[in-house]
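Hello,

Here is the structure I promised to hand over. My notes follow below it.

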Amino acid sequence: MTELKLPIIGYMQSPYKEKFGIPRQPNLVQVESYIEMVGPYNDLLAFEGIEEFSHLWLVWQFHDNKNQHNSQFRPQVRPPRLGGNKKIGVFATRSMYRPSPIGLSVVKLKEVSKVGKHVRVYVTGSDLLDGTPIVDIKPYIQYSDAILEAQSGYAQDEPQRKSVIWPEEAAQQKQHLLKCRKISLQNIQELEAVLSLDPRPAYQDDEERIYGMKFATVDIHFKVHAQQVIITAIHHAPS
């Protein structure tokens with residue numbers, strides 16, 4: 001079997017600093033991020049005409065899988081959408097544990113710009129971990145890529161969202177971080193949207209357990225009740 005080797009054209013710079021908390025599909029949260037291109041692909045001429053497209057396909061590599069170098073094929077996985085308890089064929093899922101560690105996400109294009117010596121592709125709606133290698137960028141074609149009558153099996157409907165509650169102490173911590181410019185208001189809004197999707201594994205339902213995750217420049221801790229995500233603490237996380 002011939003092994004296919006793909007060049008890395010850039011790396012995603014994202015507020016998602018760890019896998020826990022990343023939305024399970026793109027465009028569920030309009031988080032802003034950017035791809036920093038690497039040479040020889042950091043040439044603005046390579047993007048001439050891209051501004052005529054509103055959305056892009058990103059082809060990328062699952063680079064942070066603990067089992068990505070395990071050569072044993074796993075024909076079935078347990079998707080989170082099914083509670084993490086039911087097995088289904090790997091090719092009927094978007095699981096990261098697959099024969100080729102390649103992902104595909106559609107994102108909204110904001111702009112392509114040169115910052116110093118760097119060419120950056122700014123997008124929103126990404127579901128990529130910070131540092132994800134990008135192997136290709138393609139324009140999204142509305143008339144052929146959008147199939148309105150498509151059936152999506154067990155993932156037909158968008159996940160329900162929960163209310164995000166800031167008790168007094170956590171609200172004061174948030175205001176302090178905003179005042180000291182340790183986090184932006186945009187990042188707070190993005191964080192609330194991420195938490196509203198309930199990032200916990202589907203099989204965990206302990207309402208007293210405190211969960212923690214890193215997002216942008218902060219560590220956030222929270223509990224999850226039936227219809228609410230309750231923030232217990234938020235602190236600056238130095239990079």
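**What was found**

Ile102 sits in strand β6 (residues 102-115). Strands (E, at least two residues) and helices (H or I, at least four) are DSSP runs, numbered from the N terminus. The model is predicted: local features need pLDDT of at least 70, side-chain atom pairs count only at pLDDT 80 or more, and totals for chains, interfaces and linings use all residues. Residues are numbered from 1 along each chain as its sequence is written, and side-chain values use heavy atoms, leaving out hydrogens and water.

Ile102 is partly exposed, at 33% relative accessible area. Buried means under 20%, exposed over 50%, partly exposed in between (1.4 Å probe, protein chains only).

Ser33, in strand β2 (residues 32-37), is buried at 3% relative accessibility. Beyond its neighbours within four places in sequence, Ser33 contacts residues including Met12, Pro15, Tyr122 and Ser126. Contact means heavy atoms within 4.5 Å.

Now the sheet. Four strands form an open sheet in the order β9-β12-β11-β10, with mixed pairing. β9 (163-165) and β10 (211-215) are at the edges, each with a single partner strand, so one side of each has no neighbour in the sheet. Two strands pair if DSSP finds at least two bridges between them. β9 and strand β12 (residues 228-236) run parallel, joined by three bridges. Ser163 has Gln228 in β12 as its bridge partner.

Helix α3 (residues 185-196) packs on this sheet, touching β9, β10, β11 and β12.

Best wishes

Definitions and conventions: Axes are lines fitted to C-alpha atoms, for helices over the stretch in contact, and angles run from 0 to 180 degrees between N-to-C directions.
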